[in-house]
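Student: I am new to this structure. Can we go through it in short questions and answers?

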Amino acid sequence: GFLAGNGVKQADAVGVALDRAYLTAKYQFDDVWSMRLTTDATVDTALSKQTNVYIKYAYLRGKLSDAFAVDAGVIETPWIGYENKLNTHRYVYKSFTDFEKFDDSADAGLGVFGKLGDGLFQYALAGVNGGGYSKIAKTAAIDFNSRLGFYPIEGLTFDLQFRDGYKGTKKWDVATLANTPGTKYRLMQGMVTYGIGNNFRIAANYISQNADDKTTGLTTKSTGYDAWGYYNFNSDFGVFGQYDYLKDKKDATLAEVKVNRLTAGLEYTPRKNVRFSLVAKTWKIKNATFNQGAEIKNATYGLYSEVKF
């Protein structure tokens, strides 16, 4: 439950939650062309029927070589899925940019990617509508999303992300017969990780985003960093954790928000593709304009699980 800065504890929430249920179908037409369809069942409290099923991925892929492949449709964006594969604990927590909604894991658009120099470099470039996979309608602007990777030795990764666009906020307004101004977002991220196979990996990220509201003229500057890692003692047991820090500042009101998040867990894998984790999560949020700058605290404890087939 939440604990406000004045010491008054808010209501607790207890129960069982199904955060995600994915179903994927893939088909290989030939050596070059293939397709993928993935549905995502999740809870959306904004809807009258709060459990909803979205199309997360629905794309045609043409892989002409290791150096060049193209995806068209509702595609995987360059960064979030890539970091999740390195982290391996998406079933417990999201990556920083995913959690803060700085980026989306999938979107409607066109992407190209590949490996160069015998795997020394990787690139992934995408032009997308910007609203994410739950809002794939056409907009009045195309967002650019990219990742560039460098892998000098086995296990060591260096990656940079650059994302620029309106995230679906610039649209055609029928009432005014003009485009809504929207908000222009510019995201930059750098990440370094090191690990050996699936035994362990450690990582550190630095993230910066500017959000320019073209209607009000206000700019929100967000900077943050996170560190995550995991270590498997053997095939059955392991530990993992992640720490996030975010600072938001608006230039007009000088209102500043600081967020600290810490997640730690003990993982048990009884068989392949079945994992259970005992997890503790703590949040601290400090808003300079709320409750005289008092700190709000939140703690979550529970059993998390992932099953694949």
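Predicted model: local features only at pLDDT ≥ 70, side-chain atom pairs only at ≥ 80, totals over all residues.

Tutor: Residues are numbered from 1 along each chain as its sequence is written, and side-chain values use heavy atoms, with hydrogens and water left out.

Student: How many helices and strands are in the protein chain?

Tutor: Helices (H or I, at least four residues) and strands (E, at least two) are DSSP runs, numbered from the N terminus. Counted this way, the protein chain has 2 helices and 18 strands.

Student: What share of the residues in the protein chain is buried?

Tutor: Buried means under 20% relative accessible area, exposed over 50%, and partly exposed in between (1.4 Å probe, protein chains only). The protein chain has 309 residues, and the buried share is 38%.

Student: Which residues have the most contacts inside the largest nonpolar core?

Tutor: A nonpolar core is a set of buried Ala, Val, Leu, Ile, Met, Phe, Trp, Tyr and Cys residues joined through side-chain atoms within 4.5 Å. The largest one here has 15 residues. Those with the most contacts inside it are Val 92, Met 191, Trp 228 and Phe 240.

Student: Which element gives the most to this core?

Tutor: Helix H1 (80–87) and strand E14 (219–232) each supply at least two of the core residues. The top contribution is 3 residues, and it comes from H1.

Student: How many residues of H1 are buried?

Tutor: H1 is mostly covered. Its buried residues include Ile 80, Tyr 82 and Leu 86.

Student: Which residue just after H1 takes a positive phi?

Tutor: Look at the position that follows the helix. The phi there is about 70°, and the residue is Thr 88.

Student: Is Gln 209 buried or exposed?

Tutor: Gln 209 sits in strand E13 (residues 200–213). Contact means heavy atoms within 4.5 Å; beyond four places in sequence, Gln 209 touches residues including Phe 102, Tyr 185 and Thr 220. Its relative accessible area is 4%, so Gln 209 is buried.

Student: Which residue has its backbone oxygen 3.1 Å from a polar atom of the side chain of Thr 42?

Tutor: Thr 42 lies in strand E3 (residues 33–43). Thr 42 is buried, with a relative accessible area of 9%. Its contacts beyond four places in sequence include Arg 20, Gln 50 and Tyr 54. The backbone oxygen at 3.1 Å belongs to Asp 19.

Student: Is Leu 303 buried or exposed?

Tutor: Leu 303 is found in strand E18 (residues 295–307). Along with Tyr 231, Phe 276 and others, Leu 303 forms a nonpolar patch on the surface. Its relative accessibility is 60%, so Leu 303 counts as exposed.

Student: How many salt bridges are in the whole structure?

Tutor: Side chains of opposite charge can pair when their charged atoms come close. A salt bridge is a side-chain nitrogen of Lys or Arg within 4 Å of a carboxyl oxygen of Asp or Glu. A search of the whole structure gives 13.

Student: How many residues apart are Arg 261 and Glu 100?

Tutor: These two form a salt bridge, with the closest N and O atoms 2.7 Å apart. Both are buried. Arg 261 is in strand E16, while Glu 100 is in the loop between helix H2 (96–99) and strand E6 (106–116). The pair links distant parts of the chain, and the separation is 161 residues.

Student: Which parts does the pair of Arg 163 and Asp 103 tie together?

Tutor: Arg 163 forms a salt bridge with Asp 103, at 3.3 Å between the closest N and O atoms. Arg 163 is buried at 2% relative accessible area, and Asp 103 is buried at 2%. The residues are 60 apart in sequence, so the pair ties together strand E9 (residues 156–165) and the loop between H2 and E6.

Technical notes:
Polar contact = N/O pair within 3.5 Å; in protein donor to acceptor, adjacent residues only side chain to side chain. Patch = residues over 30% accessible without salt bridge, like charges linked within 9 Å, V, L, I, M, F, W, Y side chains within 5 Å. Areas by Shrake-Rupley, 256 points an atom, 1.4 Å probe, with all protein chains shown as cover.
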